[in-house]
Amino acid sequence: MSSETQTSLDAGKQVGAGAAGETAISVWERIVGIEAAESREYFSRELLVWYDRSKRDLPWRRHRDPYFIWVSEIMLQQTRVDTVIPYFHRFIERFPTIRDLAEAPQEDVVKMWEGLGYYSRARNLQAAAQQIVELHDGQMPSAREHVFALKGVGPYTAGAILSIAFNQPEPAVDGNVMRVLSRYFLIEDDIAKPKTRIGMEKIIPGLIPEGRASDFNQALMELGALICTPKSPHCLICPVMEHCRGRIEGMERELPVKTKAKKPRPEQRLAILLEGSGENEGRVLVRRRPKTGLLASMWEIPHVAAAGEDLGIDVVQLEELLEDRGLAWSPMTAYMTAEHTFSHIHWTMRVLIAREQPDVLAQLVAESGVPYEVAVPESAVEPELRFDTEDSGEEWRWVSPEDMQEIAFPNLFSHILNTYFEDGNKL
Ligand code: SF4
């Protein structure tokens, strides 16, 4: 028994029950065993023949630059290729090297990512670029332990960089790959469980033909993306259909087995679109989110959690938020409702609209004859559009459509603000 086979069997011991009637060990034993040798060789050979003939011309495939491969792999997580391509071009144009990325203001990096979602990916990418500049003179390392040590680089991304850029026989197992392997080898283990992925990572090096790691891993991903698709696998035109056990057993649509992720928790939010007046005319009030947590450091219109039962109570919360900034406003009216799903939360956001009334403060002071206690907002007395709240560490400002080009908003708020700025019937 080769050491490779032994490693795979060890993986089998960790993995749960396999195809019907198989023991915990035999599902992996079957895959790496001598009787499956023909099936494995056929799979690797036909997959590569197909890939050489059919691979898509993708921008990051035109070079073997590890930086381009790394950026593309991070962007492609949870995101379709068609969506990624324009982002990839813009990003590489703005940050052509790892050093350029490392030295850029973080706001610029997040801005380049605006619309792609999962913004911690962009921040981690930059943090890892800074690591590479500091420790590897700005060149992506090729040693396994150095790649794994980079911020935001997990087993999949590390495997993709090492195999695609450096042609090392490392596994790169994502959802596409797990689907193909589950079907081809008839693996019924739950792919949502880490031990199933680990089991697959251990069998892949034995499938990679000598010197073809880069092409093999890309071919596996490509087959999952183009032929062995989630809902309707195109078995009749699949290059590996002859030995595909999932297809032979009529199980191609049942596989892979995957326990459903928990449904995102619904959350009601109430937001305010506050139109500026006077020197803030044509602008809207926004604030920056905290440096950590959901949508860290990105900009948004102010909003609060809404109980949903009594709109009056929710509105009071919003009013307090504005009062704390020393703002005054006209009556709030309904503007729109917007929705957004994160991996764990679903926001339904009711948006109210009102107009800033800075004159109200002066009027109150004049009427009462005594100094008014609420601080006049900096924006009302200074030409600067930015006013930070020292106590909370929050940052607030007024933005115009032009200002929106410079700072990063999550999709939900871009949508609300773009709707507002394009809407001829504002307040
Ligand atoms: S034959 Fe069908 S199920 Fe099997 S790998 Fe090809 S597309 Fe997937």
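Student: How many helices and strands does the secondary structure of the protein chain come to?

Tutor: The model is a predicted one. Of the 427 residues of its protein chain, 37% count as buried. Residues 24 or more positions apart account for 64% of the contacts with a separation of 6 or more. The secondary structure of this chain comes to 18 helices and 8 strands.

Student: Which helix gives the most to the shell around the ligand?

Tutor: The ligand has 15 residues around it, of which Cys 228, Cys 235, Cys 238, Cys 244 and Glu 252 come nearest. By class, the shell divides into 10 nonpolar, 2 polar and 3 charged residues. Two helices, H11 (175-184) and H14 (245-248), each supply at least two residues of this shell. With 3 residues, the helix that gives the most is H11.

Student: Is H11 largely enclosed or open, and how many of its residues are buried?

Tutor: The buried residues of H11 are Val 177, Met 178, Arg 179, Val 180, Leu 181, Ser 182, Arg 183 and Tyr 184. They pack against H3, H12 (194-203), H13 and H14. H11 is therefore largely enclosed by the rest of the structure, the number of buried residues being 8 of 10.

Student: Which residue with a positive phi follows H11?

Tutor: H11 spans residues 175-184. The residue that follows this helix has a positive phi, near 50°, and is Leu 186.

Student: Which residues of H3 meet H13?

Tutor: On the side of H13, the contact involves Asp 215, Phe 216, Gln 218, Ala 219, Leu 220, Glu 222 and Leu 223. The residues of this contact of H3 with H13 divide into 7 nonpolar, 2 polar and 2 charged. Those contributed by H3 are Ser 44, Leu 47, Leu 48 and Tyr 51.

Student: H13 also meets H10. Are H10 and H13 roughly parallel or oblique to each other?

Tutor: The axes of H10 (residues 155-165) and H13 come within 6 Å and cross at roughly 130°. An angle over 145 degrees would count as roughly antiparallel, and one of 65 to 115 as roughly perpendicular. The pair H10 and H13 is therefore oblique.

Student: Against which helices do the buried residues of H10 pack?

Tutor: H10 is mostly covered, with 9 of its 11 residues buried. Among them are Thr 157, Gly 159, Ile 161 and Leu 162. The helices against which the buried residues of H10 pack are H4 (66-76), H9 (144-148) and H13.

Student: Turning to the strands, in which sense do S1 and S6 pair, parallel or antiparallel?

Tutor: Ala 271 stands opposite Val 351 in S6. Strand S1 also pairs with S4 (residues 303-305), in the antiparallel sense over 3 bridges, and there Arg 269 stands opposite Ala 305. With S6 (residues 345-355), however, S1 forms 11 bridges, and the sense is parallel.

Student: Through how many residues does a hairpin join S5 to S6?

Tutor: S5 (residues 333-341) and S6 run antiparallel and are joined by 8 bridges. Ala 338 stands opposite Met 349 in S6. The number of residues through which the hairpin joins S5 to S6 is 3.

Student: What separates the C-alpha atoms of Leu 274 and Glu 356?

Tutor: Leu 274 lies in S1, residues 265-275, and is buried because 26 other C-beta atoms lie within 10 Å. Leaving aside neighbours within four places in sequence, its contacts are Val 284, Leu 285, Leu 322, Trp 329, Ala 354 and Glu 356. Leu 274 and Glu 356 are 82 residues apart along the chain, and the separation of their C-alpha atoms is 6.2 Å.

Technical notes. Residues numbered from 1 in each chain as written. Predicted model: local features only at pLDDT ≥ 70, side-chain atom pairs only at ≥ 80, totals over all residues. Near = placed C-beta within 6 Å. Helix = DSSP H or I, 4+ residues; strand = E, 2+ residues; numbered from the N terminus. Nonpolar A, V, L, I, M, F, W, Y, C, P; charged D, E, K, R; others polar. Contact = placed C-beta atoms within 7 Å. Buried ≥ 20, exposed ≤ 12 C-beta atoms within 10 Å, placed from the backbone. Pairing = 2+ DSSP bridges. Axes fitted to C-alpha atoms, helices over the stretch in contact; angles between N-to-C directions. Parallel < 35°, antiparallel > 145°, perpendicular 65-115°, else oblique.
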